[in-house]
Structure formats: structure tokens, C-alpha cells
Amino acid sequence: MEDKNITVTINTKRHTLAVSPNETLLRVIRDRIGLTGTKNGCGEGECGACMVIRNGKPVNACLIPAMACDGDEITTIEGLADGPDRLHPLQDAFISHGAVQCGFCTPGMLISAKALLDDYPNPPREQIRKALSGNLCRCTGYQKIVDAVSAAASGTVPSEKPEAVIGGDYPRRDAIEHVTGVSKFGADITHSRAAVGKILRSEYAHARIKHIDVSAAEELDGVLAVVTGADVPRGYFGVDIKDRLVFAREKVRYRGDEVAAVAAETEAIAQKALSLIRVDYEPLEPVFDVREAMADDAPVIHEQLMDYAAGFETEKQGNICTMAHVRLGDVEKGLADADLVLESTFRTQIQHQASIEPHAAMAEIDSHGRILITTTNQKPFAVRRYLSHAMQIPMINIRVNATKIGGGFGGKLEMIVEPYAVLLARKCGRPVKIVYTRAEEFLATTPRHPASFKIKSGVKKDGTITAMQAEFIYDTGAYSGNGPTTVTLCAQVIGGLYRIPNVRLDGYCVYTNKMNCGSMRGPSAPQTTFALESHIDDLARAIDMDTLDFRLKNLLEPGEKTAVGQTLVDMDFKKTVLAVADAMDWRAPITDENTGKGLACVYWLSGGWSTSVTVKINEDGSVSVVTAAVDMGTGYLYTSVIQIVAEALGLDPDDVHLVQGDTDQCGYDHGIGGSRGVFTVGKCAKMAAENALEALMAVAARKLKVSRERLESKNSWISVKSAPEKRVSFADISVERHILSGGPITGVSEYLPEMDSIEPGRVKGLSFPAFKGVTIGCHGVKAHVSSDTGEVKILKYVAAHDVGRAVNPLAAEGQIEGGVAMGLGFALSEELMIGRQGEVVNPSFRDYKLPTAMDVPEVESILVETPAAYGPHGAKGLGEPTMAPPAAAVGNAIRDALKLRMTETPMTAERILSALEEKKKAVPSGMP
Ligand code: FES
Ligand code: FES
């Protein structure tokens, strides 16, 4: 078929252009017209990020051939506003209701909502959920989106500003960019000379590479460069253990391992070139099961394991890259003293971060040979370090600039796409951009570790736990990645909630021939919480004690120690649990058939690691916050951190400007993850702002001829408290300092939060001790479970979290709602499946089931405040623990409803039915 001329009207502007047969409307809108507000999240009609209105109807632009659009009228997100200075009411409502987190799904959501309101001006919530069910959002849990559409429909969009800065529901500062489609994410950033990069991946789960022949690919017209392991020095990199090379060299370790990469003029040429690369493999026996991988005669995945460098003392053996042990008291004696001993096993699946935005990176080389890499990464400084190690390039020759991130959830913490773009750009002398396909996302990024648990505990009839022993095995896949940290966190989480005098924990991080599992929101927390809190529930039931009362009896109190020996301060676990019990009306009996209730708690901490923030007072008195910390979608930088700086300086948050994520322009930051955004970066920002304020105050005191103590700062003015008319503006002070004397005012702070101490005698093999800012989350679920279909219907969901201090309650609620949705996906539907040859069986949103707006219930969020001395204004980390309890809470509700203990996630309808069948078989007929 030939190219064809079409005329299409996009946002009232006519365009005539020649389109090719395989060109989609999405490609025309984004690449030909340059309207990048319409996003590509999957390219296969499953995510809704590409939604546009075509002749009055919402459609997925990725599915529409451009040739079919001749004469069509198209509205994209850029055409939604009512005028250049007037947003559409839906856009206003999304901003004010906190319906925007990372913003990647926002354009598609708004288009679907607009199409709905065009047909039904005042739809009920259920209809809104249905209309949005073709639009996936990984961040918000949909609730605030539904709130926003309702408010826009009813004309009740609030416009007043919050009264207080700390504790005020400020919308994220960049929300307007997201709702108008002007935000630039990784795939939106391009260069007129950019070539397309593509990666060749292993077809085998485990094989020796005998030879790679790239000559045919190199000769193909339009190919600019081909690179393999031969083009890069043998530099190992890794988070905890350096066990990975940029390209697989002697052997491949999973189906997806990078073998070669190509840069070409077009995607089609790059794809063709990949097919011309010949790799001669000698297949080796793969191993996919952790217990088989731990056997003495298992195929060895890393022959050089003992030689790999590690950032902590590791115990390695065979395919086990780390072991972690905790010992407290005498477990045998504790079990012997118990009235009842209960043993349980649990398994959890691979869950994928499934950010709607795929990984993307563009590399450019400047005339001095310096590398600029623009990337969707949560850790720009770590990428610089990893690139430097892996490619043996001095760090100073690498600049990493993080883009806006369309959802990270830990999936964009490691170096994934960046080195291939860099190698290709260096070889072909042109910018090279790589954007992962949805299939590559599922195949070759770093999802949540599958884990298995054996837990055995003793309990007395009065509810006292006498001992617990647990073995937990984390499947880290082909490389260690974040596995050792995950195992460490598991030990902390399992021993963090309850008073247990005798504890023995043994954790293993094991290589298999799967993709490298990594950090996903609360590494280890959902897995551990599912196992621990299901087991705790069963312990309570075994002694016929209410599961709430059992928890209240055993929860640790301030001043007590966790299993690893961390002394608990600034916490009140019971307060959070009781808040849920209250909201659930826990003591009220449930009489409906097949209906039950469940509770689950999670211990978590607020991440540390070092950071630095600069607060600049500009010549006109405006304020810029400069930080290499990025916002991976939660909005903490654009809400809480800005509010913290504004409060310190006495400003309106709207007057604080943010510069983020550039290793050349910003001071060091460890990288965003571990619930450290507000707790650590926010604290550092507060210190920097206070330093800037003191410099302003010193000038003001001299000018106003009063002492510093008599001054206060408000709305960009410093005035005498007792005589407010005596005042001087930030602008006057700053301009004088810039031009006449003293130099610019800059508040700088570096901050490395202290680790919390533990008892070294109790632990062995942990990759770090513990963080401060201990917090708890408790979720309560009431659910009906059909014994005919296995379907779980959630009737009520309550989630309480100790946030220390809610700097921005709207944003905090958004974290809880989004975490619950992700946790329910882990609980009920999401599983990345690996086939017998190591292939990913379901690498698309069609078969990997993310919760939609129809699947997620309304969540009642409760913000409990037990301030942390180390947190800014007492705030604690919140992003991660929100997704840990849902699986256990739902599992406990299923147990309550059907007397059926689910031991494996996800608890799909099929698994529930088959567990019911097993249970029937296990109980001989005639037995009660
Ligand atoms: S990009 Fe079109 S539906 Fe996902
Ligand atoms: S806000 Fe919806 S995907 Fe991030």
C-alpha cells in the first residue's frame, strides 16, 4: 500500500499530510504534529493514555490507522481548555481535587471524562467509574479522579487557598502542566537528529554465548551503529552486589538479557537490523524455582559470585547471593512453653510496577565528549555512578538529567535503559533515544520479587506469643539488584510489629533464570505482610481470640525493641489500629452469608541516605529550590517540599519555584525511593530555607536597626513584629546583596540522616541497620466472597497510616488511595507469569490485570499523627507502606467469610475456587 494524503483537523487546526499505511493516529499527533500531550503507554489499546476525541467519540489513537482519519475532527488534551487563559472545568477540578499524581494518565483521563460529560452532564459515581474503566491509572486509585469529575459535573470545584501552609491541601504545583498536556516526559523529549535505539535480547533463559555476528546488521541501509559487549569495558555494577555487565558477555542468564543494541534512522530499520544479528548460543540448563536453585546440584547462574564486590558483608553460596539472619532468645524453649504451635507457608508472585509511562532515555555527546543523558530515572546521581563504573568513564564526563516521571514505584531506580543509549550515541555520533515497548517493560525491567515463607509460632492461651521462627526466600532473578536490601527489609518488617521474646529469622536471596527483580514500592512489605499478618490472624483464631484483641495485646509499645533490636520511639501502633477498628465498627457482628472482615498491619520506616538542597533568593526576591531529588510521580516535591520551604521563609507556596534532577546543576541526592521524599529531602529543604532566612534576617536587622529576634517574615517581607509598618522586602534585600554588597543569598544544606541503631549481636548479613521515622499502617476490609464464582467483592475499605504530621493531607490521602489500589492488584489480580522456557507469558496490559476504576473500592483514609522527632514538622514517610496491608487484610476477610485460608497471591477467583475444592476434599463428609 502507498502513502496517502489526508486532511485532518486537530484542535480546530487543519493539517494536510502524507501518511504511510502503518502509521497510527497517535504517531501523527505526537511525531508529525508535535502534540505530545497525548501519551503512549502501551501502543495496543489497553491503557487509555492515548485517548483523543475523534468526531465526537473517545478513541484510543494508538489503534486508529492515520489513513482512516481523512476529514476527521480530532480533539487532544491541548484542545481541551476553554481558551488560552481559561481551563476547562474538568482541568480545574483535576487540579484542586488532587486527581493528578504523576500526570501521565491525566490527558487520557480528561479526554474520557470530557466525552462522558458531553453525553451525560451529571453522571453518578458508578457511571463515571465505568466511563473511565478504559483508562489505567497506576498512581491515584481513581478515587480523586472520580471526585474531580463529579465536582466538574456539579459545578462545585473549590477555588479558595488553604489557610495554613503546613497542613494545607495545596494541589501539586505542576498540575496545570499535566492537565493541559504540556508536561514533557521521557518519550516526549527529542532531538531533531535523534536516532532510534533498540536492544537485542536473549532468546534463552540460560545459555553460553559462543559468537555474535553483527556484520549483516551493520551493512543494512539506515543503520548507524551496532554495539555489543565487545564495545564496552568489563565494568560490573549493581545496587548491593556488583554482578552485572551492561551486555551479557560469556553467557545469558534470562530471556531478555541484553546481547546487542542498534541505532538506526527509523524504528523499522532498527527492528530489521536486530533480526539480522546472529548469536550462536550453547543452551544451558535453566532453573526457575528458588528451592531447586538452592540445591547443591543446581545449575550455577553466576560462576564468579564469590569474586563479586559487595557494599556490605554478604554470606554467599551456590546461587544464594545473600543470607540474612536474626537471633533473639531461645526459640526452642519459646515453642516448648507455648500452649499451641502453628506453622504456615505462603507464596507471593511477581508483581510489576507497571507504571503507565515506559522507560525512556536519550543520550547526546557534546563537542568535549561529555555525555548528557536525559532519562526517566528516579536516581540521577546513581545512574551517573553506575554508568561511570560500568563503562569506566570519569563521572565528571557524565551529566544525567531526570525528566518528569510517569510513575516510578521503584521500577526506575536502577540503571536500565541508559547505557545502551550512551554506547550507541558514542558510536554513531548522534543523539540516540530508546523508549521501551510495553512488552520490554514486562520482560526486562525490575519487578517485585516473588517470595516464599515458612513461619512457625508458639502462643499461649491468653494470647501471648512465645516464639516465632521464619524462613523467607526471595527470588532475585538473574542478578542481585535490590534483592539483598529486600531481604534485609523483610527481616525488619517481620520483627517490627509484635512483642516476641524468642525469634529466629533466616532469609535468602536466590538467583534464578528470570528477569532481575528489584525495588517495588515497599520492597518486601506486601510479601512479608501477607505472610505475617495471615499467620497472626490464624494464631488468634487458633486460640479463639478476636484478631483485633490479639493484635492489641501483642503490638509493640514505645520504648520496646523490634526483633533486630531497634528501640521504638515516636510511635503509637495501637492508635492507628484502633482508628481502623472504630471506622470499621469492628465489634458489630456480621450476619450476611459469605461475608467477613479482616485487619492487617505493616511496620515501616522512613528512608534516609544523603541529600542536599539549595534555596536561592533570586534578585527579585523570588525563591528557587534546587535539588537533585526527583519526583517520581507522588508529587511530594511539588506539594510538601514546596510547602515546607514556604513555611520556613514565610511565603506563599505559589512563590516557590523548583529546579530538580540534574547532576550538573544540583547537589547530590541519593535517589528517590524508600519513602524518603518528605522525611529526608523535606527536612534538608527546611534546613536550607532556614539558612537562607537567617541571611535575609541579618540584612533586615541591619537595615531596620533592630535585633534579629524582633523580626518576622511574611509574604516576602521582613518586618518588625511590634511595628509591622517597619519592613523591608526580600527583593530589596536580595537586590542589594546581588549588586552592592555581600553577594547573592543562598541557603545550602547537606543532610545524611542518622541510621537507627539495632543490636548487632542479634543480626548477621543485613545490608543496613534500620532507618528512623518508624510508622505503622493498618487496613480493615469487609468483603463478600462468592463460593460459586470465587469473586471477592469489597464492601468497605478503611486505611489508617501514621504520617507523623500531614504536611499536605490531600496528597497523603492520594498516596493511601493509590497504595490501596496497587495493593489490591497484588492481592487479587496481578501476576507476571513465567513459562517453562523462562518466557514472560503475559507481557501486556491485556493479560497482566491492573485494577481499573471499576475494580477499586472507595477507600476511607485516616491520617494518624504521631510526630517523628527527625521528620520535618514531625512528618514520616508514607508512599510505600500504603500498599502492604491489602493482601493480608483481604485474605483475612476471606478467612472470616469462608473459613478458608488463602496462602498464595494473587487470590484470584480461580485460586479461591480451587482452594475451596481442596478444603472440601480435606474434610471427610459427615464432619462439621
Ligand atoms: S497507548 Fe493507546 S491504549 Fe495504551
Ligand atoms: S497519575 Fe495516573 S498514572 Fe500516574
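**Figure 1. The largest cavity of the predicted model, shown with its lining.** The lining of the largest cavity draws at least three residues from domain 2 (191–284 + 362–406 + 412–444), and at least three from domain 3 (451–607 + 758–920). This close-up, like those that follow, is taken from a predicted model. About 150 Å³ of space lies within the largest cavity, and the residues lining this cavity number 17, with Phe 237, Arg 244, Glu 414, Met 415 and Asn 516 nearest its centre. Sorted by class, the lining of the largest cavity consists of nine nonpolar, four polar and four charged residues. A search of the whole structure returns six cavities of 30 Å³ or more.

**Figure 2. The second largest cavity, with the helices that contribute to its lining.** The second largest cavity holds about 120 Å³ of space, and of the 16 residues that line this cavity, Gly 98, Val 100, Gln 101, Arg 172 and Ala 811 are the closest to its centre. Two or more lining residues come from each of the elements α2 (89–96) and α21 (809–828), and the largest share of the lining, four residues, belongs to α21. The lining of the second largest cavity is made up of eight nonpolar, six polar and two charged residues. Because domain 1 (1–164) and domain 3 (451–607 + 758–920) both give residues to this lining, the second largest cavity lies between them.

**Figure 3. The largest pocket and the elements around it.** In the largest pocket there is about 1700 Å³ of space. Its lining comprises 50 residues, and those lying nearest the centre of the pocket are Arg 27, Val 196, Lys 198, Glu 267 and Val 435. At least two lining residues are supplied by each of α1 (25–32), β6 (195–201), α8 (267–276), β11 (278–283), β17 (432–435) and α13 (438–444), while the largest share, seven residues, comes from β6. In terms of class, 22 nonpolar, 13 polar and 15 charged residues line the largest pocket. Domain 1 (1–164) and domain 2 (191–284 + 362–406 + 412–444) both contribute to the lining, and the largest pocket therefore lies between them.

**Figure 4. Domain 1 and domain 2 in the setting of the whole chain.** The domain assignment divides the chain into domain 1 (1–164), domain 2 (191–284 + 362–406 + 412–444), domain 3 (451–607 + 758–920) and domain 4 (611–751). The centres of domain 1 and domain 2, taken over C-alpha atoms, are separated by 33 Å. Contact between these two domains involves six residues of domain 1 and four residues of domain 2.

**Figure 5. The open sheet of four strands, with the pairing of β30 and β31.** In this open sheet the strand order is β21-β30-β31-β32, with mixed pairing. The edge positions are taken by β21 (595–604) and β32 (860–864), each of which has a single partner strand, so one side of each is left without a neighbour in the sheet. On average, and with direction ignored, neighbouring strands of the sheet are turned by 15° against each other. Strand β30 (residues 775–785) pairs with strand β31 (residues 792–802) over nine bridges in the antiparallel sense, and His 779 is found opposite Ala 799 in β31.

Key
Residues are numbered from 1 along each chain as its sequence is written. Chains are lettered from A and ligands numbered from 1 in the order in which they are written. This is a predicted model: local features need pLDDT of at least 70, side-chain atom pairs count only at pLDDT 80 or more; totals for chains, interfaces and linings use all residues. Side-chain values use heavy atoms; hydrogens and water are left out. On a 1 Å grid over the protein atoms alone, a cavity is a set of points where a 1.4 Å probe fits but cannot get out, and a pocket is an open set with protein on both sides within 12 Å along at least five of seven lines; lining residues have an atom within 4 Å of a point. Grid points are joined across faces, edges and corners, and a volume is the space filled by probe spheres set on the points. Ala, Val, Leu, Ile, Met, Phe, Trp, Tyr, Cys and Pro count as nonpolar, Asp, Glu, Lys and Arg as charged, and the others, Gly among them, as polar. Domain bounds come from an automatic or database domain assignment. Two strands pair if DSSP finds at least two bridges between them. Axes are lines fitted to C-alpha atoms, for helices over the stretch in contact, and angles run from 0 to 180 degrees between N-to-C directions. Contact means heavy atoms within 4.5 Å.
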